[in-house]
Amino acid sequence: MKTSKVISTLLVACIALPVFTAQAQTIMIRGATVHTMGADGTLADTDVFISDGVVQRIGRDLPVPQDIYVFEAEGKPLTPGLFAGISGIGIGEVSAVEESVDDGLALTEMRPEFDVIPAYNPNSSLVPIVRIEGFSYTLLGADAQGTIFGGQGSMVRLDGEFGSFFGDPVLFINVGRDASSLSGGSRAGQWMLLNQAMNEADSPPASTETALLTRAGRGTLSRYANGGKVVFNVDRASDILEVLKFARSYDLEAVIAGGTEAWMVAKQLADANVPVLLDPLINLPYNFDNLGARLDNAALLAAANVTIAISGAGSHNAARQRQMAGNAVAYGLEHQAGLAALTINPARIFGVADQQGRIKQDLPANLVLWSGDPLEVTSVAERVIINGKLIPMESRQTRLRDRYLPENPEMPRAYIKP
Amino acid sequence: MRSKILMACLPILLSVTAGNALATPYPSTYAPLPSEPTLITHATILTGTGERLDDASLLMSGGKISFVGAGQAPGGVTTIDAGGRWVTPGLIDVHSHLGVYGSPGVKAHSDGNEMTSPVTPNVWAEHSIWPQDPGFSRALAGGVTSLQILPGSGNLIGGRGVTLKNVYSNSYQGMKFPGAPHGLKMACGENPKRVYGERKQMPSTRMGNMASYRAQWIAAQKYIDDWAAYEKKSADGKDDATPPTRDLKLETLAGVLNGEIIVHMHCYRADEMVTILDMAAEFGYTVGTFHHGVEAYKIADTLAENNVCGALWADWWGFKMEAYDGIQENIALVDRPPGGCAIVHSDSSEGIQRLNQEAAKAMTRGQLAGMDIPPERAIRWLTANAAKSLGIQDRTGTLEPGKMADVVIWNGNPFSVYAKAGQVYIDGALVYDRDNPALQPVSDFELGQLQGVSQ
């Protein structure tokens with residue numbers, strides 16, 4: 001990438017001194033292939049002007065004010081910041097180090113009121129590691145460990161700020177194989193317990209002896225019962241149909257996560273307007289709930305007008321989301337649909353398309369400039385802008401890399417502090 | 001000193017084994033599938049030797065590669081005009097648990113980790129392999145023609161691994177790569193000390209790990225010496241010559257000390273790998289390959305100097321403490337020093353299907369860090385280097401005349417997320433064809449599921 005000569009002094013200074021303030025900057029990206037992911041489609045050789053955290057203008061040959069950051073894209077793709085899927089970024093540092101992981105509640109009583117938000121730590125090493133790969137937001141998930149209710153999570157912006165949550169809370173429920181051990185050993189028991197819990201939310205039981213929920217839990221569920229967003233982790237086709245029935249009964253806005261057999265009930269999902277978050281790499285019968293796993297699940301669902309988004313790469317390797325979308329495209333999904341499954345679709349599914357997922361005038365600037373096709377494994381993010389802020393392309397991983405790149409240093413590498 | 005003694009023992013031990021009816025127990029019954037001489041023309045060929053040949057030809061006949069290069073192609077054979085498509089050696093995964101942790105991953109299929117004792121060199125992964133694992137077919141569609149099935153890493157010494165040809169058979173013997181040496185799976189670090197530490201058993205620390213391995217090598221040395229003493233007595237015609245009791249554990253370890261079995265050492269941390277190399281020097285054996293090696297980049301020079309390969313991932317990190325320092329340049333940095341032997345491995349039924357994509361990511365990160373890694377260099381990570389790791393480099397892993405005709409024709413540049421293996425040949429036989437459903441194997445398990453609508 002070339003930078004404009006007019007302001008090269010400033011740029012050199014910025015590169016030499018990578019001190020980035022929390023304040024939004026004034027930035028011009030010139031001559032990009034802009035994937036707006038909205039009604040404007042994809043715009044060739046287009047400039048995007050950003051200030052005060054917002055995309056101010058999109059157009060050709062925009063005037064360049066003095067003393068701002070200018071990036072010459074030379075036709076490279078500019079996309080909205082990508083969705084890192086449902087993850088535990090910032091609520092889990094090292095998976096096997098229990099005390100560093102806060103994404104699930106292991107209590108055996110049902111506590112749908114559990115909310116992971118207070119555990120979020122923007123100083124986690126994962127936040128920079130994931131965002132410099134082009135990811136600007138994730139849905140913090142609550143992982144069911146003790147009961148079929150995982151609890152609640154939230155969208156978070158990966159800008160490294162405290163309290164960067166946005167959108168409405170999301171409730172997580174596990175059904176199917178993963179949850180049978182949490183419901184007396186039968187998936188039929190899950191529906192028995194879920195129905196009982198929803199009924200309690202509607203009318204508290206006379207005696208607390210038989211209650212499944214606390215007062216707070218009842219309050220939580222009754223809030224969701226009026227159109228709240230509920231993610232169901234479920235794979236088997238018959239279980240997905242049960243989810244649709246359950247969601248209809250209680251007026252829940254269901255989202256399917258997993259959905260390896262969703263293609264088998266694509267029409268029912270489309271009719272119910274229920275979206276699917278999926279991992280397009282799953283093509284093996286890992287268990288009896290996904291005997292129907294296949295690589296064109298995403299393509300089949302999209303063809304049936306089911307809204308899909310990519311999820312399932314986890315926290316540390318959330319950047320693999322891109323590769324997952326690329327593989328979905330390799331197996332029949334339209335390229336633009338693959339990009340949408342990482343940008344606008346998850347934003348729409350969770351009602352945050354005014355914050356993330358598209359490039360549009362007057363909306364927050366969450367943008368990524370790529371070295372090439374954003375879904376290709378040989379491409380990388382070159383510039384990342386989150387909420388109008390230029391993100392330093394640095395992380396604990398890049399510092400380790402830069403410590404070990406020099407050959408045969410005289411002093412121990414502990415003295416190399418990139 | 002020690003290694004000299006061992007060298008002296010070698011012929012004796014070999015003669016013991018040779019005189020044994022079980023010299024090659026559980027022998028391979030693999031036979032190449034039917035093939036016909038096949039010529040691929042106008043291909044972009046990555047030979048696996050570091051070369052790239054454009055608009056070149058490759059001839060397979062009698063199950064072997066008989067010609068590679070530009071030049072006059074013989075007539076009268078089945079000819080495939082690749083039209084610029086890419087051709088590589090069949091991919092090799094040195095670290096797979098297909099068959100020992102088959103799909104579906106139910107408890108009944110959990111056969112990869114004999115975690116009843118930290119030291120189980122007596123177990124052989126091949127005795128756990130379920131040949132109907134659907135994962136083999138998916139790996140084949142990803143261009144994998146050979147793979148090593150290893151025990152898991154719960155134990156310090158997990159047992160013998162086996163190298164297979166990726167063909168379906170009703171027995172693992174029908175898949176077994178003829179003449180490939182056994183591997184021995186060993187594990188450093190967190191896994192064994194966690195598994196046994198939680199049971200208040202040794203090892204519960206890294207130093208406990210080391211003490212436990214060393215005790216085993218000492219026992220194995222004595223086993224070799226006892227057999228040698230018996231052989232000598234026997235040769236001298238002494239009447240009281242009685243053979244030592246055969247011990248499956250020590251037999252495997254002796255096989256490592258005498259160089260017949262290759263050590264595949266699961267190890268993440270740089271310091272632990274260095275300690276393991278010292279242990280190998282102490283007992284006079286060599287480590288073939290460190291597996292996972294998330295910190296291998298920190299000691300890339302040491303690995304190259306010791307002629308040890310690193311079988312690594314492109315980007316997995318952070319799942320446990322010893323995987324916390326993972327970087328995406330790991331593979332490229334291990335490949336950098338002269339003699340560096342970097343390998344892309346999977347340890348996963350998903351990853352084994354996309355070794356080419358993993359290599360593409362690692363290649364890209366290396367290039368961005370300033371290393372000159374063209375595709376013809378990177379392809380070695382999943383072909384020639386992997387073959388070297390498994391001790392089968394004289395038979396497969398490169399496209400050279402005389403080698404097994406294990407070949408993949410890709411639909412484009414394999415270093416792409418959109419690349420797919422189109423045709424896969426094993427020993428010259430077309431065993432997978434993306435364009436022909438009749439040449440796409442389906443395991444017994446998957447047949448007839450979902451009322452016949454699946455796949």
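Helices (H or I, at least four residues) and strands (E, at least two) are taken here as DSSP runs, numbered from the N terminus. On that basis, chain B holds 11 helices and 16 strands. The model is predicted. Chain B is assigned two domains, and domain 1 is built from two separate stretches, 31-89 and 398-455. Domain 2 covers 91-396.

**Overall form of chain B**

- The radius of gyration of chain B is 22 Å, which agrees with the value near 23 Å that a compact globule of 455 residues would have.
- Along the principal axes, the C-alpha atoms of chain B occupy a box of roughly 70 × 50 × 50 Å.
- Buried residues make up 56% of the 455 in chain B.
- Among contacts in chain B with a separation of 6 or more, 71% join residues 24 or more positions apart.

**Where the two domains meet**

- A distance of 28 Å separates the C-alpha centres of domain 1 and domain 2 of chain B.
- Contacts between them involve 30 residues of domain 1 of chain B and 30 residues of domain 2 of chain B.
- On the domain 1 side, three strands of chain B each give two or more residues: E5 (86-89), E15 (421-426) and E16 (429-433).
- E15(B) gives the most to that side, with 3 residues.
- By type, the residues of domain 1 of chain B that touch domain 2 are 17 nonpolar, 7 polar and 6 charged.

**Helix H6 of chain B**

- Helix H6 of chain B runs over residues 270-283, 14 residues in all.
- From first C-alpha to last, H6(B) reaches 20 Å, close to the 20 Å expected at 1.5 Å a residue.
- Its buried residues are B:Ala270, B:Glu272, B:Met273, B:Ile276 and B:Leu277.
- Viewed down the axis of H6(B), these buried residues fall within an arc of 160°, so they line one face of the helix.
- An α-helix has 3.6 residues a turn, so residues three or four places apart point the same way.
- The cover over the buried residues of H6(B) includes helix H4 (206-235), strand E10 (262-267) and strand E11 (287-292) of chain B.
- B:Asp278 and B:Glu282 are exposed, on the face of H6(B) turned away from its buried side.
- After H6(B) comes B:Gly284, with a positive phi near 75°.

Technical notes. Residues numbered from 1 in each chain as written. Chains lettered and ligands numbered in written order. Predicted model: local features only at pLDDT ≥ 70, side-chain atom pairs only at ≥ 80, totals over all residues. Domains from an automatic or database assignment. Contact = placed C-beta atoms within 7 Å. Nonpolar A, V, L, I, M, F, W, Y, C, P; charged D, E, K, R; others polar. Rg over C-alpha atoms; globule rule 2.2 N^0.38 Å. Buried ≥ 20, exposed ≤ 12 C-beta atoms within 10 Å, placed from the backbone. Expected span 1.5 Å × (residues − 1). Arc of directions from axis to C-beta.
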